[in-house]
Each structure stands twice: as C-alpha cells, then as structure tokens.
Amino acid sequence: MVERTASELAGLLARGAVTAEALTASCLQAIRQRDAAVRAFVHVDENGALEQARAVDAKRKRGAALGPLAGLPVAVKDVLCTAGQPTTCASKILQNFVPPYDAHVVTKLKQADAVILGKTNLDEFAMGSSTENSAYQVTRNPWDLERIPGGSSGGSAVAVAACEAPLALGTDTGGSVRLPASLCGIVGLKPTYGRVSRYGLIAYGSSLDQVGPFGHDVRDVALLLETIAGHDPRDSTCADRPVPAYTQTLEEPVKPLTLGVAREFFAAGLDGEVDMAVRAALKVYESLGAKLVDVSLPHTPYAIATYYLVATAEASSNLARYDGVHFGHRAATFSNLIDMTCRSRGEGFGAEVKRRIMLGTYALSSGYIDAYYLKALKVRRLIKNDFDEAFSKCDAIIGPTAPTPAFKIGEKVEDPLAMYLSDIYTISANLAGIAAISIPCGFSKSGLPIGLQILAAPFAEEKLLRIARMHEKETGWHSHRPKFS
Amino acid sequence: MSLSQDQVRWVAHLARLELTDAEFDIMTRQLGAILDYVNQLQQVNTDGIAPLAHPLDIQNVFRADEPAPSLPVDAALANAPERRDNFYSVPAVLE
C-alpha cells in the first residue's frame, strides 16, 4: 500500500477501502523497517500522527466535510516550524528548539486534514547539496545506499522515494527540492517566489527561499501545491493572487507547445547518460507535437558565483539571530556578552554554515560590498532578463536538473566548490524567482535516477504542471520504486 | 585571491563567530578559493544595470494598524537559554 501515489491513496480512503489510521500505521511501519538504512527522518511523531489519523477517520465516519489531503501522511522538512514538535534545522544550535507556532504551510496541511508523520533531515540550515551537512545523520539514497540523495531537502525526498510517506514538503533556495527529487527519482517543484508563504520557514536566503512539494507523480505535487499556495498576510512577499485548481487542468496537454532548449544547460561537465536521457525527453515532446526552439541564457555560467554571494549575504544577516540569548544553544562558559555570542555560535554551527556566514559577512563588509554583493545583484538582474527574453519565445525551458546522477557519500565534502557546482542548473531559477519542476526521465546503466527540469515564467505553475504531465503520461518513469529487502 | 589570516579574523569578529586555529587555517584557504571563483563576475559588464535585490516587482505592503493578540510571554521565553522573571537573562552588558 505504501508504494501507491497520494491520489490513489485518497481514492482508497474515500471509498472506505482503508482507514487513515491503517494507512498511517503502514507508513510508520515502513519507517521502522527502512529508516535505519536511509535515515530520512530526524523526528517521527508516532502518537501524534496516529491521533490525527483517528480524528480524520472519525470526521469521515460522521459525514463531516473533509480537507483535500484527508488522511494522507506527509513528511515535513525540519526547517519548517511545527508547534510543540522539535524543529532543529539539522543544527546543533537548535537541538532543543520547540517552536511556539506552526509555519503557514504546516497550518495549511492541518486545515487540509493531512497527517503529519514527522520531520525530515536536511543539510544544516538548508545549506548544501547532499544532506551530508546535517549535524545529526547522513541520509542515504534508496536507489544506492552508498550514494547521497541530493540536498538540501534530502530527507523529504527520501521519505517519498523510499515509500515511507506518499507526500513531503521541502524548501528550495538554490535547487534544494529539485536536486534531491532528480537524484531520488521522484517529482519535486519549486514554486514561483511569492507563490507560497515563508511564514515559519526558518530563513536562509530570504529573497530565494520557497517551500516546495514532493510526490511520486505530477498529480501528487499539483495536489500538495494547491493546498499550500496562496496569500498569507504574515509574509509580505507572498503574492496576493488566486491559486488555480492545478489538479483540475492537469490532464489537458498544452497545445500548441513551444519548448526552449538553452545551450547553456548542456554545458561541459554534463554526464553523458544524463545528456542522453534529457535528449530522449525532448524527442518525447516532439512526438507529442511540441516545437523545440533554441533560446539563449548567456549569463547562466555566472549563476553559481552570483548565488553564493547573494545567498550567503542574506544568510549572514538571517543567522545573526542565533545569539545565545533568545533561543538555541548558549555556551556554558564565557567572559562577557560578546564572547558568549561568539562561543555559542562557534559551538553551535557546523562547518558549511560557518563558511557561508563568513563569505556573506565578507561580501557585505565595508570596502567589499560594491565589488561583491552589489555586483552580484546586478548580474542577478541580467540573469532574470535572460529568462524574461527566453519566455517571450517559448512556453517553458527544458533541460537536465542535475549535471550527474547521485554521487558517492563523502566524495565532495572536502571540496565546497565542487559541491556548489551540483546546483549549476537549478540555481538560476531562484535568482530569477521563476517556477521550475524536476520529473523522472530515466535511469543510468547502474540504476540511478535521472531528472528532467522544466522551467516556466513566474506564476505559470498551471502550465508547467500540464507540460510535465504530458511527458510523465507518455513515459511512465515515475512508476519505478527502489527495492527493499 | 588570497585572504590574510588577519582579514579572516576580522570577518569572524564581524560575524561573531569563534573559530579554532585549525578552523582559521581551513577557512582562510577555502574562502580564498571561493573568492577566486566568484571573481569571474568582474568580467560581466554591468554598466547601467540596477541591482536586483528581490525577484518580485512589489513595493511596500501596508496593512491596517490594528491591535491583535501576540505571543504570550511564557511561550516567547520557553526556548530562552536563561530567563529571569519575564525577561531574557544575559551577562552584564556594561562592565
């Protein structure tokens, strides 16, 4: 049962073929059986989940109105606040933090009658591309336990890929939903900046962060997006625009369809098997009547450099709140107030977080802000202009999500720059604020999933999901599941 | 571009981060390599280009100034490393 999609499970629940309690118990059992190997969860709320499930069953029994996710278990990345439940950001500095309120998206899940299973592992403060930067555990790719799942939302991607949860929420600042979706063989979407409220999402790069859904197929992702999107006055960057009923139009192919192919997305360093799988996907779209046009995104080669200045500058400011005063770790011994803050932060943050705080502080410091931070913001505009220009010629841009399939655990931990290059194809969507999705498009010869990235203009999620569904329906790559003994 | 240990120490001070000597060594080397990489941005002509701090074309968002319930004091202080009465407790600021 746990291998089914959320939409299939919703059908079973509605028909009374299964109860929410039984489904939740099955997911909890899958977690007990598999999570010792994959380590997707940092916190499982067994009793709370079963209690929520029983409440949904009771509501259904008495004929009360039910939300769109009624009885469906969901895993939540541990960077999203859950009232009364630990929220650690996979950092030692927040080891004992229990938020007093729910993130907006968590409130939305509860209002939709979803069952929250627990919190999933991530790179500390969502800074990383492999989920190896967690202070607590290394999450493993269910297709090959020696390999990374991608990051930073690796725990959420693995919870879905390993069939521990049919749905999960991640966050995407530079590719942190799409990259693990690609490497784990599932669907993951980064919404347009402002489509989903960031209230209660613990901030990393505030002008880049978005909450995004994971699922086995495009329909599940559409269902979850439709649930979490929409205006929230508590996030002033959250757009006040209606949310389309994405699941209602999903099966309508986009016709005529023009897809942009950018040379810059097939750059040096692209793995041969990934290249072949993506080109096969282009052929699939052509066979469905799509017209392929060349588009140019000339500033793409500068996206990583731009991102690692903008994101780290924002991070250095956002993470100033961990001062050993209001919440989080405080050092046991210190000589004065400033020393207390310095020591608490030195003890509480991991290596990658320290590196990014340092880089961001330097980029913002007197004498360097023009050459680094402001220069990066100017190049950021050029990157956005490239996309505006490209989208005037096509409905969506198509290419690989990641330059290679999943790499080995430990392979890039000593070389931060090599790790940063994993995000080469995902990062520009965050800088430009556009919508993008990763869907499965094949496997390498050694059995590792390959992802196809489709990017669309701001607030074009409805069209993006329909385009993604056209490929999925034709190929069926989404129906593969990893094997567990 | 190489950074001196003194520069790295100054940045760590600005960032309020205590680093061990071993961390300073690694950080000096790694930040230098990352700065070498990001220096490629200097090749891009950005004359006349306005900085883009934010992808959405939105201005200030206003709301009515109406009183509403806020977080109760005990909830706000529940995660404090140290509290005294209804306050966060810190070491002496003035010595």
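**Entry 1: Lys108(A)**

I started at Lys108(A), which touches Thr227(A) and Ile228(A), leaving aside residues up to four places away in sequence. Touching, or being in contact, is taken here as C-beta atoms, placed from the backbone, lying within 7 Å. I noted that this is a predicted model, in which local features need pLDDT of at least 70 and side-chain atom pairs count only at pLDDT 80 or more, while totals for chains, interfaces and linings use all residues. Residues are numbered from 1 along each chain as its sequence is written, and chains are lettered from A and ligands numbered from 1 in the order in which they are written.

Lys108(A) sits in helix α4 (residues 104-111) of chain A. Helices (H or I, at least four residues) and strands (E, at least two) are DSSP runs, numbered from the N terminus. The cut-offs are 20 or more other C-beta atoms within 10 Å for buried, 12 or fewer for exposed, and partly exposed in between. I also looked up Gly230(A), which is 122 residues from Lys108(A) in sequence and 9.9 Å from it in space, C-alpha to C-alpha.

**Entry 2: the nonpolar core**

The largest nonpolar core has 172 residues, and Val74(A) and Ile454(A) have the most contacts inside it. Such a core is a set of buried Ala, Val, Leu, Ile, Met, Phe, Trp, Tyr and Cys residues joined through C-beta atoms within 7 Å. Its largest share, ten residues, comes from α10(A). I listed what Val74(A) touches beyond four places in sequence; among them are Leu109(A), Val115(A), Ile116(A), Ala165(A) and Leu169(A). In soluble globular proteins, nonpolar side chains tend to be buried together.

**Entry 3: helix α12(A)**

How many of the 14 residues of α12(A) are buried? I found twelve, so this helix is mostly covered. They include Lys354(A), Arg355(A) and Arg356(A) as well as Ile357(A) and Met358(A). The buried residues pack against α10, α13 and α14 of chain A, and also against α1 (5-14) and α2 (21-38) of chain B.

At 1.5 Å a residue, α12(A) should span 20 Å, and its end C-alpha atoms are 20 Å apart, which agrees. The expected span is 1.5 Å times one less than the number of residues.

Next I took the packing of α10(A) on α12(A): the angle is about 100° and the axes are 7 Å apart. Axes are lines fitted to C-alpha atoms, for helices over the stretch in contact, and angles run from 0 to 180 degrees between N-to-C directions. The two helices are therefore roughly perpendicular, a term for angles of 65 to 115 degrees. Tyr308(A), Leu309(A) and Thr312(A) are among the contact residues of α10(A), and Gly360(A), Thr361(A) and Leu364(A) among those of α12(A). By class, this contact has eight nonpolar residues, four polar and one charged. Nonpolar covers Ala, Val, Leu, Ile, Met, Phe, Trp, Tyr, Cys and Pro, charged covers Asp, Glu, Lys and Arg, and the others, Gly among them, are polar.

**Entry 4: chain A against chain B**

I found 52 residues of chain A in contact with 43 residues of chain B. On the chain A side, the elements giving two or more residues are α10 (303-318), α11 (337-348), α12 (351-364), α13 (370-391) and α14 (416-420). The largest share, ten residues, is from α13(A). I sorted this side of chain A by class and got 28 nonpolar, 14 polar and ten charged residues.

I noted a cis peptide bond from Gly151(A) to Ser152(A), with omega near 10°. Ser152(A) is in the loop between β3 (115-120) and α5 (154-161) of chain A. Phe125(A) is in the loop between β3 and α5 as well, and its phi is near 55°, positive although the residue is not glycine. Phe125(A) is buried, with 29 C-beta neighbours inside 10 Å.

Another cis peptide bond joins Lys255(A) and Pro256(A), with omega about -5°. I placed Pro256(A) in the loop between α8 (246-249) and β7 (258-262) of chain A.

Note on methods
Two residues are in contact if their C-beta atoms, placed from the backbone, lie within 7 Å. Angles under 35 degrees count as roughly parallel, over 145 as roughly antiparallel, 65 to 115 as roughly perpendicular and the rest as oblique.
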